[in-house]
Amino acid sequence: MFGQVIDYINNHLEQDLSLIELAAIAQMSPHYFSHLFKQSTGMTPHQYVIRCRVECAKELLLQRKLTIAEIAYKVGFANQSHLNRHFKRLLGVTPKAILQK
């Protein structure tokens, strides 16, 4: 049901993805979309976007081609600190720790 929305999220991580925009793709009201999305995925749309950004950032870190700051912007975080906070919360380590492995 949400395949098109999930594809859109993954293809536009660097953009500001609003609930209104995502709901429009699913052709639902924002409230109803949010409710069904959480029921389906176990996460709010915002939580899902953050998780996708962190996973993408982790993959980019493992390639060792970009700096942490460059990766933060590339996956849609406002800055490196924002990436660090969510990375540590979701994965238990900082981006720098991934680079040092």
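Mentor: Of the 101 residues of the chain, 34% count as buried, where buried means under 20% relative accessible area, exposed over 50% and partly exposed in between, with a 1.4 Å probe and protein chains only. Since you are new to it, please keep in mind that this is a predicted model, in which local features need pLDDT of at least 70 and side-chain atom pairs count only at pLDDT 80 or more, while totals for chains, interfaces and linings use all residues. Residues are numbered from 1 along each chain as its sequence is written, and side-chain values use heavy atoms, with hydrogens and water left out.

The chain has seven helices and zero strands, and from the N terminus on its elements run α-α-α-α-α-α-α; helices (H or I, at least four residues) and strands (E, at least two) are DSSP runs, numbered from the N terminus. Along its principal axes, the C-alpha trace spans about 45 × 20 × 20 Å. Among the contacts in the chain with a separation of 6 or more, 48% come from residues 24 or more positions apart, contact meaning heavy atoms within 4.5 Å.

The part to look at closely is the contact of H4 with H6. Two packed helices are described by the angle between their axes and the distance between the axes. Here the axes of helix H4 (residues 45-63) and helix H6 (residues 80-91) come within 10 Å and cross at roughly 95°, the axes being lines fitted to C-alpha atoms, for helices over the stretch in contact, with angles that run from 0 to 180 degrees between N-to-C directions. H4 and H6 are therefore roughly perpendicular to each other, given that angles of 65 to 115 degrees count as roughly perpendicular, under 35 as roughly parallel, over 145 as roughly antiparallel and the rest as oblique.

On the H4 side, the residues that meet H6 are Ile50, Arg51, Val54, Glu55, Ala57, Lys58 and Leu61, and on the H6 side they are Leu83, His86, Phe87, Arg89, Leu90 and Leu91. The residues of this contact divide into eight nonpolar, one polar and four charged, where Ala, Val, Leu, Ile, Met, Phe, Trp, Tyr, Cys and Pro count as nonpolar, Asp, Glu, Lys and Arg as charged, and the others, Gly among them, as polar.

Phenylalanine 87 and valine 54 are 33 residues apart along the chain, yet their C-alpha atoms are separated by 5.8 Å.

Histidine 86, also found in helix H6, counts as buried because its relative accessibility is 12%. Beyond its neighbours within four places in sequence, histidine 86 is in contact with Ile50, Val54 and Phe77. A polar contact of 3.2 Å joins its side chain to that of histidine 82; such a contact is a pair of N or O atoms within 3.5 Å, and within protein one must be able to donate a hydrogen and the other to accept it, residues adjacent in sequence counting only if both atoms are side-chain atoms.

Lysine 58 belongs to helix H4 and counts as partly exposed, because its relative accessibility is 29%. Its contacts, with neighbours within four places in sequence left aside, are Phe87 and Leu91. Lysine 58 and leucine 99 are 41 residues apart in sequence and 9.4 Å apart in space, C-alpha to C-alpha.

Finally, consider the cores around this part. In soluble globular proteins, nonpolar side chains tend to be buried together. The largest nonpolar core has 16 residues, of which Phe2, Val5, Ile9, Leu22, Met28, Phe33 and Tyr48 touch the most other members; a nonpolar core is a set of buried Ala, Val, Leu, Ile, Met, Phe, Trp, Tyr and Cys residues joined through side-chain atoms within 4.5 Å. Helix H1 (3-11), helix H2 (19-25), helix H3 (30-41) and H4 are the elements that give two or more residues to this core. Apart from it lies another core, of 13 residues, including Ala57, Leu60, Leu61 and Ile98; Ala57 and Leu61 are also among the H4 residues that meet H6.
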